[in-house]
Amino acid sequence: MDQPVHRALGLTDDEAASIDRILGRHPNYLELAMYSVMWSEHCSYKSSRLHLRRLPTEAPWVLVGPGEGAGVIDAGDGIAVALRIESHNHPSAVEPYQGAATGVGGIIRDLFSMGARPVAVMDPLRFGPLDDPRSRWILEGVVSGISGYGNSVGVPNVGGELVFDACYTGNPLVNVLCLGVMPKDRLVLARATGVGNLAVLLGSSTGRDGIGGVSVLASAGFGDAEAEAAKRPSVQVGDPFEEKRLIEACLQLLDEGLAVGVQDLGGAGLTCATSETASRGGMGMDVYVSEVARREPGMEPFEVMTSESQERMLAIVEPGNLDRVLEVARQWEVRASVVGTVTAGGSLRILERPDGEVLADIPAASLHEDAPLYDRPQAEPARPTPADAAADDPANLPAPGDCGPDLLALLADPAWAYRQYDHQLFLNTVEAPGADAAVLRLGGPGLPRTGRGLALSTDGNHRWCAIDPKLGTAMVVAESALNVACAGAKPAALVNCLNFGNPEHPEVMWQLSQSIDGMGEACRSLGIPVIGGNVSLYNESHGRDIDPTPIVGVLGLIDHLERRPPSPILIDDGRLLLLGETESVLGGSRWAVDINGRRGGTLPALDLETHGRLLDLVRLLANDGVAAGLHDVSEGGLAVTLTEMALRSGVGFRVAGIANHAELFSESPSRAVVCAEPDAAQAIFRQAQAAGVPAAFLGGTGGDRLVVDGLVDLSLADAERAWRDTIPDALAAGTAN
Amino acid sequence: MTTRVGVVLFPGSNCEHDAIEAVESLGGKGELIWHGEAEVGDVDAVILPGGFAHGDYLRPGAIARFSPVMTAVARFAAEGGPVVGICNGFQVLTEAGLLPGALQKNRGLKFVCTTVELEVSSTRSVLTSGAAAGQRLRIPINHFEGNYTCDEATLRTLEAEDRVVLRYVDNPNGSTASIAGISNEAGNVVGLMPHPERACDPLLGSDDGRVLLGSLLSVPAR
């Protein structure tokens with residue numbers, strides 16, 4: 001016998017009973033479909049909401065915190081900066097090009113719906129190993145999708161991450177962060193107010209694409225390939241040209257003060273946009289299905305109400321402004337039609353047509369406020385036996401005699417990906433992808449240049465978080481803050497994208513909860529408010545959860561951006577200084593996991609107070625111009641940090657006093673490498689001592705060899721080859737769907 | 001007297017603000033011209049900016065050439081007015097027949113965004129009159145269809161008439177004869193794939209684009 005309708009729509013029996021209680025009757029099919037998308041994990045955060053409350057979200061400069069389209073901070077000079085991060089993991093697993101493309105499109109809409117012009121995106125990406133043909137197919141498709149959509153819609157892509165690990169085979173992570181700028185007084189929130197105001201649907205017609213995307217795709221894991229292929233119709237199809245016109249039309253509407261509120265249509269489509277704007281404004285809304293332009297005949301009301309067709313916005317407009325709104329839409333060749341009316345009383349009614357049959361009648365707020373809230377069981381994963389723990393601990397590995405081959409194996413230039421992205425539009429990009437943080441001039445079309453700047457970094461580390469989600473996440477926050485400090489910026493805001501496995505597994509809930517605690521602790525200590533986030537659960541394939549992968553995006557402000565901050569480079573005849581102390585612990589390092597397959601062991605310690613002192617020192621060094629090169633020490637440890645600096649500048653180095661491979665490859669936090677002229681290096685050494693930051697001379701720079709006495713002796717040319725060719729060579733082997 | 005530069009805005013253009021900012025940083029005055037206009041208005045020069053006019057659907061520039069403003073641009077060019085097409089603007093100029101040849105997909109079939117080295121090949125165009133022949137310039141490129149192609153007779157004509165304006169030092173996209181930019185016979189219509197407006201401030205990594213846009217601004221006011 002067929003399963004009950006609510007289960008087919010992804011609702012549990014308890015959830016169906018709640019709906020009966022709310023309505024005082026059984027819902028009809030349309031109503032049930034609307035609840036099913038709004039109460040999906042993706043829209044309701046029902047498993048994570050309880051935990052997210054533990055994050056610090058306030059600071060004097062925060063204008064809009066979590067829960068809106070994007071977080072917004074006051075950047076001074078009358079300019080507000082909006083920031084958001086999202087995942088499009090599941091759609092990208094099923095249809096890589098469109099999944100990634102519509103991820104870019106969706107987040108851009110979140111920003112311009114608030115009045116911000118999107119001026120930068122970043123893409124932290126994670127895939128299965130490069131030797132897996134299907135992972136290569138996903139990688140190629142995702143990068144092409146980001147390139148194809150982002151370039152055309154006209155938002156530069158200024159950085160991100162490219163990570164490969166077996167835990168992402170079958171379930172890639174495609175996160176996207178977007179930053180927007182606006183005059184502070186253009187900021188609008190998605191509120192439907194004023195009885196009689198009109199709901200105007202702008203943009204694409206509504207089709208059958210993406211129906212149930214949030215419930216079918218985003219809120220369940222993956223099994224076999226055939227089942228995944230069957231989910232492809234739940235992936236939306238993007239049209240960047242439509243979106244570009246929509247951006248310009250909406251920003252013009254807001255510039256002219258023609259909209260009371262604007263909301264994008266993303267997950268759960270019209271159902272989400274109409275109910276959210278109405279309930280946030282304390283109002284109700286009548287929505288007329290007949291007035292929604294369709295792509296094809298025969299669409300049922302539930303399809304119209306839950307379609308996730310891309311490039312659509314809902315604007316709440318006073319009747320007197322309607323003619324001008326339609327005129328602006330016409331100029332930009334954007335379709336516009338009145339699809340609803342704001343009403344008193346709080347009911348969301350779906351009507352067949354104005355004054356027609358009422359097809360659904362539910363309290364708008366119940367789709368949000370009454371969404372289930374789960375305190376799902378948590379359990380710390382079972383500890384391995386002492387023998388298993390020892391076998392998985394990199395501390396027990398023999399020391400490699402020559403560390404050179406391992407170092408070469410850790411090199412992979414992400415330029416293959418970011419060269420496919422426009423990273424320069426709007427004349428803001430001071431530091432392009434490939435550095436610690438993207439450095440942007442503060443500004444954009446219609447805004448004055450201020451002489452100030454922004455630094456932006458996205459970071460994650462599943463290897464650390466798999467060993468200890470709390471400490472690992474705190475280390476990720478610390479690293480991201482250090483990245484923006486290396487650009488001379490003071491961290492001002494953080495957004496997070498919490499990518500975890502199946503929340504119905506108690507171990508996954510434990511990881512999520514621990515991770516949030518680690519994030520909260522680091523943010524509190526470093527004074528960084530969390531202004532927004534996204535939770536992506538059910539990242540699993542074939543019954544295996546991904547390693548916990550919280551991704552953070554940290555935004556920093558640069559007070560004076562008159563010259564380029566130091567890049568991660570070396571100069572000839574310079575001196576190398578290490579700021580911070582190395583703890584020779586290899587647990588969670590790339591050397592342990594990527595080279596030796598050992599995922600266990602313990603993480604190095606993180607002292608947030610010490611870290612705060614390092615951030616202050618590094619920011620000063622970046623701003624006062626005495627350091628020629630500056631780079632934080634992270635994945636791959638000192639070995640990869642120094643090599644990246646050498647590769648970017650074509651200058652070699654000779655370092656002494658590194659005891660062993662553990663000191664060379666350790667990823668212990670709170671460290672940075674400085675390259676400076678000899679006199680400047682002495683001054684920096686004294687400055688570090690005065691600031692209470694440990695500092696040590698590592699050696700000198702010049703020549704064409706990479707030398708760590710007793711451990712590494714490579715030619716720059718060999719390192720360059722490994723760096724440049726790793727990804728292109730792997731892709732040359734072809735792909736398989 | 002300030003040189004007034006009209007920057008054409010097609011739906012889907014995206015470098016129009018950048019072009020205006022660069023022009024104004026050099027002392028010119030920039031203004032937008034909507035693609036539906038029948039006249040370019042009272043301007044001394046016209047820039048067709050980069051982006052994806054009409055989404056680049058069908059083929060880059062293939063729809064934009066039918067925008068009403070293109071008739072006015074052709075008239076302005078025929079009267080000797082300086083017209084520069086940057087990136088997508090170059091594609092529009094070839095589709096409109098104001099410049100010969102076509103821009104194919106890059107060799108390698110990937111979008112490429114990076115900074116390249118160019119060599120000034122001719123100084124008799126409105127974009128290079130202030131540069132020195134052989135001068136090397138570091139300027140960003142940002143395109144999928146930047147692979148300049150023409151038949152052999154056209155190439156011979158371009159070379160013979162000194163109409164190859166800029167060449168890549170290290171060809172990034174497979175362009176015929178490493179061509180990065182060309183002009184019409186009179187030198188007043190120029191198309192180039194690189195983005196000089198992105199190289200007008202040392203903070204952004206290069207200000208080598210100033211000599212090009214500076215040349216354009218030095219044309220006598222009309």
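Two residues are in contact if their C-beta atoms, placed from the backbone, lie within 7 Å. In chain B of this predicted model, 75% of the contacts between residues at least 6 apart in sequence join residues at least 24 apart.

**Figure 1. Chain B, its secondary structure and its dimensions.** Chain B contains 5 helices and 11 strands. Its C-alpha atoms fill a box of roughly 40 × 35 × 35 Å along the principal axes. The radius of gyration of chain B is 15 Å, which agrees with the value near 17 Å that a compact globule of 222 residues would have. Of these 222 residues, 58% count as buried.

**Figure 2. Chain A, its secondary structure and its dimensions.** Chain A comprises 26 helices and 28 strands. Its radius of gyration is 26 Å, close to the 27 Å that the globule rule gives for 737 residues, so chain A is as compact as a globular protein of that length. Along the principal axes, the C-alpha atoms of chain A fill a box of roughly 85 × 60 × 45 Å. Buried residues account for 64% of the 737 residues in chain A. Among contacts in chain A between residues at least 6 apart in sequence, 84% link residues at least 24 apart.

**Figure 3. Strands β4 and β5 of chain A with the crossover between them.** Strand β4 (residues 117-127) of chain A runs parallel to β5(A), and 7 bridges join the two. Within this pair, Arg126(A) stands opposite Val163(A) of β5(A). From β4(A) the chain passes through helix α8 (residues 133-153) of chain A to β5(A), and this β-α-β crossover is right-handed. Strand β5 (residues 157-164) of chain A is largely enclosed by the rest of the structure, because 8 of its 8 residues are buried.

**Figure 4. An open sheet of 6 strands in chain A.** In chain A, 6 strands form an open sheet with mixed pairing, in the order β14-β15-β16-β21-β17-β18. Strands β14 (429-431) and β18 (530-536) of chain A stand at the edges; each has a single partner strand, so one side of each is left without a neighbour in the sheet. From one strand to the next, the twist averages 20°.

**Figure 5. The β16-β21 pair of chain A and the helices packed on the sheet.** Strands β16 (residues 453-459) and β21 (residues 549-558) of chain A pair in the antiparallel sense over 7 bridges. Leu454(A) stands opposite Leu557(A) in β21(A). Helix α19 (residues 469-486) of chain A packs on the sheet and touches β16, β17 (490-499) and β21 of chain A. The direction of α19(A) makes about 30° with that of β21(A). Helix α20 (residues 506-526) of chain A also packs on the sheet, where it touches β17, β18 and β21 of chain A. The direction of α20(A) makes about 175° with that of β17(A).

**Figure 6. The contact of chain A with chain B.** Chain A contributes 23 residues to the contact and chain B contributes 23 residues. On the side of chain A that touches chain B, α8, α11 (240-255) and β14 of chain A each supply at least two residues. Helix α11(A) provides the largest share of this side, 4 residues. By residue type, the side of chain A that touches chain B divides into 9 nonpolar, 8 polar and 6 charged residues.

Technical notes. Residues are numbered from 1 along each chain as its sequence is written. Chains are lettered from A and ligands numbered from 1 in the order in which they are written. This is a predicted model: local features need pLDDT of at least 70, side-chain atom pairs count only at pLDDT 80 or more; totals for chains, interfaces and linings use all residues. A residue is buried if 20 or more other C-beta atoms lie within 10 Å of its own, exposed if 12 or fewer, and partly exposed in between; C-beta atoms are placed from the backbone. Two strands pair if DSSP finds at least two bridges between them. A crossover is right-handed if, with the strands pointing away from the viewer, the path from the first strand over the helix to the second runs clockwise. The radius of gyration is taken over C-alpha atoms; the globule rule is 2.2 Å times the number of residues to the power 0.38. Axes are lines fitted to C-alpha atoms, for helices over the stretch in contact, and angles run from 0 to 180 degrees between N-to-C directions. Ala, Val, Leu, Ile, Met, Phe, Trp, Tyr, Cys and Pro count as nonpolar, Asp, Glu, Lys and Arg as charged, and the others, Gly among them, as polar.
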